[in-house]
Each structure stands twice: as structure tokens, then as C-alpha cells.
Amino acid sequence: MSRLIPTCFTIMVFSAFLVGQIIWDKLDIEATPSQEQSQKRNFYLKNLKSIKGRSVDGDLIDLSKTKPPVVILNFWASWCLPCLDEFPSLVALKKKYKKDDEVTIVGINTDTENIKKNIKKIYKKYKLNFPSLLDEDKWSEKFRVHALPVSIIYLGNEVVVSEGSQNFMDKKFLKKVEKAIQESR
């Protein structure tokens, strides 16, 4: 009899777990973002709206006044090879979504020496079709960027921080872009 007690106890615990799982599945509870995720999203949205400055070409960039469904902030430097590796896909993405009311891409250059000369060389070599700000206002610090490349991607209400080189023409990523654009209409 005393040998059966542990076995019976194990069966009862397992049965209770199964019943609890079935009830949980039937409740169809919708997941909500955690407080930490909400704080992170709000942090990035607040900082996005604070970006205002002149691009390397002298054009005014004011992201507080734009509300495209997709915004990509790409932190880069001319000496960063992974940064340069992702430029062809960023250029292709901007060609695909020419309208700034769909996709806005803003580069933030973190070079510290020969800045304008290096940027012009990179723009020419990679035929960059999006503006870049100099990191004079310490955007990299405000966005907590500690390594390059980093892209902060705003997809509607979702914020994704991509560290390392990314292929912006990846089919999965393009589906997310399309979904954000469609939901904004």
C-alpha cells in the first residue's frame, strides 16, 4: 500500500496539470504586452519624435511631424564593414517604397573623423537614396546604441531593435513592412 501512494500522488498531480491546461486553452486569453515591452516601445517612440536636424545634404529632417507606418533609423559609420554590407538592401527597400508616407529611412552617421568626406564617399559608392544625420546631438547615446550597425525599426506600433547587419529585403521582413503599411490605411 505504501508503494502506491507516490504513484497515486504523481497521477493526481499530472491529471490536475492536464485539466488546468485544457481549461487554460479554452479560456482563449489574449496576450498583452508586458510592462517592460510597453516601456521599451514608449522609450523608442518618444526618442523617434525628438529627432530633428539637418541631413548631410542640408535638408531638414523632422521625424516629429512624420507618421509613416514604417521608419528605420540606421546607425552606421564609414569604417564599419557590417554597416556597409546592409546598405544595398536598404537602398533596394527605399527603391521599393519610394513614398515617405510608407517607409522612411534615416541614417545616423557616428563617424568622428573626416566625417563629411567619408559620408560623401560612401553615398557615392553605395548610391544611398536616404538621408543621414550626423550624430552631433548624440542620438546613439539617446537610443542606447553601443555597437554598430544597429537599426531601430518602427513597424506601426511595434518597435524592433536589430543589432548587426540585416537584409532589409528578406521576405519575412518585407511581409512585416507590408502588414504595417496595410494596417495604417
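**Entry 1**

I began at Pro149, which lies in the loop between helix H5 (139-142) and strand E6 (150-155). Helices (H or I, at least four residues) and strands (E, at least two) are DSSP runs, numbered from the N terminus. I noted that the model is predicted: local features need pLDDT of at least 70, side-chain atom pairs count only at pLDDT 80 or more, and totals for chains, interfaces and linings use all residues. Residues are numbered from 1 along each chain as its sequence is written, and side-chain values use heavy atoms, with hydrogens and water left out.

I then looked up the bond between Leu148 and Pro149 and found a cis peptide bond, with omega about -10°.

Arg144 is also in the loop between H5 and E6. I read a positive phi of about 60° for Arg144, although it is not a glycine. Arg144 counts as exposed, at 54% relative accessibility. The cut-offs are under 20% relative accessible area for buried, over 50% for exposed, and partly exposed in between (1.4 Å probe, protein chains only).

**Entry 2: another positive phi**

I turned to Asn114, in the loop between strand E4 (103-109) and helix H4 (115-126). Asn114 is not a glycine, yet its phi is positive, about 45°. Its relative accessible area is 54%, so Asn114 is exposed.

**Entry 3: the disulfide**

How many disulfides does a search of the whole structure find? The search finds one. A disulfide is counted here when a pair of cysteine sulfur atoms lies within 2.5 Å. In general, a disulfide is a covalent bond between the sulfur atoms of two cysteines.

I found that Cys80 and Cys83 form the disulfide, with their sulfur atoms 2.3 Å apart. Why is the disulfide of Cys80 and Cys83 called right-handed? The torsion about the S-S bond is about 80°, so it is right-handed. I checked both cysteines for cover: Cys80 is buried at 4% relative accessibility, and Cys83 is buried at 0%.

**Entry 4: a charged patch**

Last, I looked at the surface, where Lys171, Lys172, Lys175 and Lys176 gather in a patch of positive charge. Residues in such a patch have over 30% relative accessible area and no salt bridge, and like charges are joined within 9 Å. A salt bridge is a side-chain nitrogen of Lys or Arg within 4 Å of a carboxyl oxygen of Asp or Glu. The place of a Lys charge is taken as NZ.

I picked out Lys176, found in helix H6 (residues 171-184). Lys176 is partly exposed, with a relative accessible area of 42%.

Note on methods: Patches are made of residues with over 30% relative accessible area and no salt bridge: like charges are joined within 9 Å, nonpolar side chains (Val, Leu, Ile, Met, Phe, Trp, Tyr) within 5 Å. Accessible areas come from the Shrake-Rupley method with a 1.4 Å probe; for residues, only the protein chains shown count as cover. Lys and Arg count as positive and Asp and Glu as negative; His and the chain ends are not counted.
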